[in-house]
Structures are given as structure tokens and as C-alpha cells.
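Open the model in your viewer and keep the sequence panel at hand. The tour goes stop by stop.

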Amino acid sequence: MDKNVAKNPLGEEPIGKLMVKFAVPSIVAMLVSALYNIIDQLFIGQAVGTIGNAATNIAFPLSTSCVALALLFGIGGASSFNLAMGRNESDKAAHYVGNSIVLLLGSGIILMLVTQIFLTPMLKFFGSPDDVLEYAKTYVRITSFGFPFLILTAGGGHLIRADGNPKMAMICNLSGAIINTILDAVFVFGFDMGMAGAAYATIIGQIFSGFLVINYMRRYKTVELTTHQLKLKWEYSRRIISLGTASFFNQIAMMVVQIVLNKSLKYYGALSEYGEAIPLACVGIISKINMVFFSFIIGIAQGTQPIEGYCYGAGKYKRVKETYRLAAIVGGIIAIIFFLLFQLAPRQIITLFGKGDARYYEFGISYFRVFLLFTCLNFLQPITSTFFTSIGKPYKGIFLSLTRQILFLLPLIIAMPLFMGIDGILYSGPIADVLAAIITIIMVLAEFRNMKKLQVIENKS
């Protein structure tokens with residue numbers, strides 16, 4: 001084994017210490033990403049009301065698209081970088097970072113242009129009722145200009161962490177969120193700008209964070225970045241995309257489910273006592289609160305990525321398994337805490353985002369307690385999907401990322417309301433969660449057995 005590989009802290013330092021170093025800033029970065037949506041929802045809910053909350057829910061698939069692209073090229077670039085460094089291939093590692101930066105910015109610009117051109121039909125496709133459409137258009141028309149910066153910041157954070165500077169990744173994300181929060185108060189309440197004010201506050205924070213990432217990339221530490229590495233080459237881009245696809249598909253699956261969910265809520269809500277707007281508004285709020293939970297889980301998963309990727313590339317399989325086990329334990333504890341919160345205090349959470357009538361609270365509380373019943377199991381899939389990506393097995397990660405959302409939840413959301421009405425949507429969640437957890441456990445146990453065989457071969461050679 002190469003001496004430089006042996007001395008790398010990812011292969012030598014205690015797992016717990018490394019997890020704290022990488023996971024905590026990653027969690028903060030993911031929380032900040034969630035807070036961009038939650039902060040706007042808080043201010044809009046208080047200033048505009050139920051219609052405003054419904055509008056941000058209609059716009060939510062676009063936020064998910066940004067996160068998906070950031071993970072595709074950010075996780076893919078960072079995973080490729082770590083595996084290359086574990087094999088002592090620093091030249092390839094530099095190309096992975098450079099290509100990732102270009103792909104992040106380029107995809108953001110393309111998404112922004114598509115959104116601007118097809119704004120109205122896109123929002124209608126997302127399930128917007130007529131009385132919500134103008135509010136959603138006002139919000140998205142402005143926030144779409146921030147897409148390139150949002151994607152660069154979220155994806156660039158993974159590259160910065162891969163460079164051994166998780167604190168800087170946290171600062172880049174946190175600074176934008178602080179600016180967004182301050183300007184939300186000023187624009188929404190101080191200047192009475194409503195939806196537009198929240199949107200302007202959002203993009204100003206995103207632009208600031210984006211420029212911090214760009215400035216950091218100019219002085220990347222572990223490898224030298226020049227314009228040569230920024231030239232897209234298929235051999236590097238393909239590897240980035242293959243290793244980022246699992247995380248990308250997980251987000252895209254969430255977006256597809258969100259769109260179908262919005263349409264179902266609109267249709268079956270109109271047939272129920274709740275009407276169209278109440279289910280959309282409640283689910284919009286709850287989805288963003290659930291993002292806080294997943295921010296912790298995905299942050300933990302991302303914190304394991306450089307450790308698992310480097311150690312697997314260096315043949316340290318025991319450390320790979322130890323890292324996964326620790327992530328699963330911590331993730332399980334956090335999942336139980338959020339399960340208790342969702343079951344015991346749903347009304348108090350909903351009230352933070354504005355008040356409504358009795359039907360509003362009735363549906364919101366039911367959605368928390370039924371749809372999110374098995375939150376205590378939902379830590380397994382993101383942590384395991386990232387685990388497979390980190391060790392260079394993207395196809396297993398891709399399959400796992402699709403199990404809950406596409407294979408189970410999507411068909412259930414379509415089928416169960418046919419027999420149970422809007423209640424069928426609520427019960428589709430816990431069924432999908434249990435099925436996905438079973439598949440996840442089977443796959444990770446099989447991979448652990450495979451690594452045990454590899455370890456025996458490594459010891460004999």
C-alpha cells in the first residue's frame with residue numbers, strides 16, 4: 001500500500017472523530033437548504049395565509065430539482081474525487097472537481113431558462129389550482145434566477161468537504177440562510193412585499209453563498225485546479241454522473257411523487273370536506289418539516305461518504321463497515337426523536353406556519369400521524385443508498401433510492417385513493433416505508449458478507 005494512502009487521516013483517525021468532522025457541517029448544510037424553504041413558508045404563511053402556503057408547495061418540485069442536480073454533480077464529483085485520492089490518482093481527482101463545478105453551474109443555468117420559458121404550464125402540471133397559480137408564478141418567476149447559485153452552493157459544498165474543509169462548506173450555506181432570514185423579515189413585513197419579498201430575499205442569500213463557493217474553488221487545497229480541469233471530458237463526467245445518480249434519482253423520485261401527490265390532493269381534496277387548498281397547504285408545510293428530519297439523515301450519510309469512499313478504495317473494509325454502523329445508529333436515534341415529535345406535537349408545528357379552521361388542523365394532524373407513522377424507519381434508505389455510491393457501486397444505490405418513492409409509494413398514492421378517497425393517500429406512506437426498509441436491510445447485509453470475503457482475499461495476498 002502507498003505510504004501516502006496509509007497516512008491519510010480518512011484511513012487512520014477514529015471513525016467517531018471523522019464522523020463529527022464531516023457529518024456535522026454536512027447536516028448544517030442540509031438544514032440550511034431546508035431552511036430556505038421553511039423560512040419562506042413561515043413568513044408567507046403569516047403574511048399571506050393558506051393560499052400562500054399552497055403556492056410554495058406547488059413550487060416545491062423545482063426546489064427538489066435543484067437539490068437533485070446538486071447531488072448528481074456534487075456527490076458524484078466528491079465520490080469520484082475521494083475514490084481517486086484513495087488510489088493515489090491526484091491528477092484524475094483534480095479533473096473530477098473541475099468537471100463537477102462546470103456541470104453544477106451549467107445545469108443551474110439550463111433549469112433557470114426552462115423554468116422562465118415554461119413557467120405557467122409547468123406550475124399547472126405540478127397541480128396548481130387556479131386561485132393559487134398567480135401566487136406561485138410570482139414566487140417562482142423570481143426564485144428561478146437563483147437556481148444556478150443554489151445548485152452551485154449545495155453541490156459545491158460536497159467538493160469543499162472532500163477537500164477536507166467541512167467548516168467552510170457550512171459557512172457557505174449558513175451565510176446565505178442568515179441573509180435570507182433577515183431580508184424575509186424586511187421585505188415581507190417591513191415593505192409588505194408578500195410572495196415577491198420572500199422570493200427576493202431567497203435569491204439574494206443564494207447569490208451570496210454561490211460567490212463564496214466560487215471564491216473557495218479558486219484556492220482548492222488538496223489538488224491544483226486550473227482552467228484545464230474545467231474543460232468537460234466524457235471520461236470524467238460519466239464517472240461523476242454514475243456515482244451521483246443514486247442521490248439524483250432519490251430526489252427526482254421525491255419530485256415525481258410530490259407532483260402526483262399534489263394532483264391527488266387537489267382532486268380528492270375537492271371531493272372531500274377539505275377542498276383543494278387545505279390538503280395542498282398542509283402537505284406543503286409537513287413536507288418541509290419532514291425535510292428537516294431528512295436533512296439530519298442525509299447530512300449523516302454525506303458525512304460518511306468521504307470516509308467510506310477512501311477506505312473502500314484503500315482496501316480498509318473493516319473501517320467501511322464501522323462507519324456505516326455508526327451512521328445507522330445515530331440515524332436511528334434521530335429518527336425516533338422525530339417520530340415522537342410528529343406523533344405528539346403535530347398541531348403545535350402546524351400553528352407555526354399560520355392559523356386555519358378546524359378542517360385545516362384536522363387534516364394536518366392526520367397527515368402527520370398516519371403518513372409519517374414509520375418515520376422511525378426512514379433513516380435506513382438514504383444512509384444505505386449513499387453507502388453503495390461511496391464504495392463505487394452506483395447501480396445498487398440507484399435501485400435502493402427508487403424503492404420507497406417509485407416502486408412502492410407512487411403506485412400506492414395512485415391506487416389506494418380509488419378505494420379510500422383522500423384517506424388512501426395518508427395510508428400509502430407507512431406501507432411504502434415498511435417495504436423499503438425490508439429491501440434496504442437485505443441489500444446491506446448482503447454487501448457486508450461480500451466485503452468480508454474481500455477482506456479475506458486481501459489478507460491472503
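What follows is a list of selections and what to find at each.

**Before you start.** This is a predicted model: local features need pLDDT of at least 70, side-chain atom pairs count only at pLDDT 80 or more, and totals for chains, interfaces and linings use all residues. Residues are numbered from 1 along each chain as its sequence is written, and side-chain values use heavy atoms, with hydrogens and water left out.

**Stop 1: a charged surface patch.** Select Lys17, Lys21, Arg218, Arg219 and Lys221. They gather on the surface as a patch of positive charge. A patch is built from residues with over 30% relative accessible area and no salt bridge; like charges are joined within 9 Å, nonpolar side chains (Val, Leu, Ile, Met, Phe, Trp, Tyr) within 5 Å. Lys and Arg count as positive, Asp and Glu as negative; His and the chain ends are not counted. Each charge is placed at NZ of Lys, CZ of Arg, CG of Asp or CD of Glu.

Now pick arginine 218. It sits in the loop between α10 (194–217) and α11 (234–270). Helices are DSSP runs (H or I, at least four residues), as strands are (E, at least two), numbered from the N terminus. Is arginine 218 buried or exposed? It is exposed, because its relative accessible area is 66% and the cut-off for exposed is over 50%; buried means under 20%, partly exposed in between (1.4 Å probe, protein chains only).

**Stop 2: salt bridges.** How many are there in the whole structure? A search finds four. The criterion is a side-chain nitrogen of Lys or Arg within 4 Å of a carboxyl oxygen of Asp or Glu.

Select lysine 393 and glutamate 447. Their side chains form a salt bridge at 2.7 Å, N to O. Lysine 393 is in the loop between α16 (380–390) and α17 (394–415), glutamate 447 in helix α19 (residues 422–460), 54 residues apart. Glutamate 447 counts as buried because its relative accessibility is 1%.

Move to arginine 404 and aspartate 433. Here the salt bridge is 2.3 Å, N to O. Arginine 404 lies in helix α17 and aspartate 433 in helix α19, so parts 29 residues apart in sequence are tied together. Both residues are buried.

**Stop 3: threonine 115.** Select threonine 115 in helix α5 (residues 90–117). It counts as buried, because its relative accessibility is 1%. Leaving aside neighbours within four places in sequence, threonine 115 contacts Leu62, Met122, Val140, Ser144 and Phe147 (contact: heavy atoms within 4.5 Å).

Notes:
Areas by Shrake-Rupley, 256 points an atom, 1.4 Å probe, with all protein chains shown as cover.
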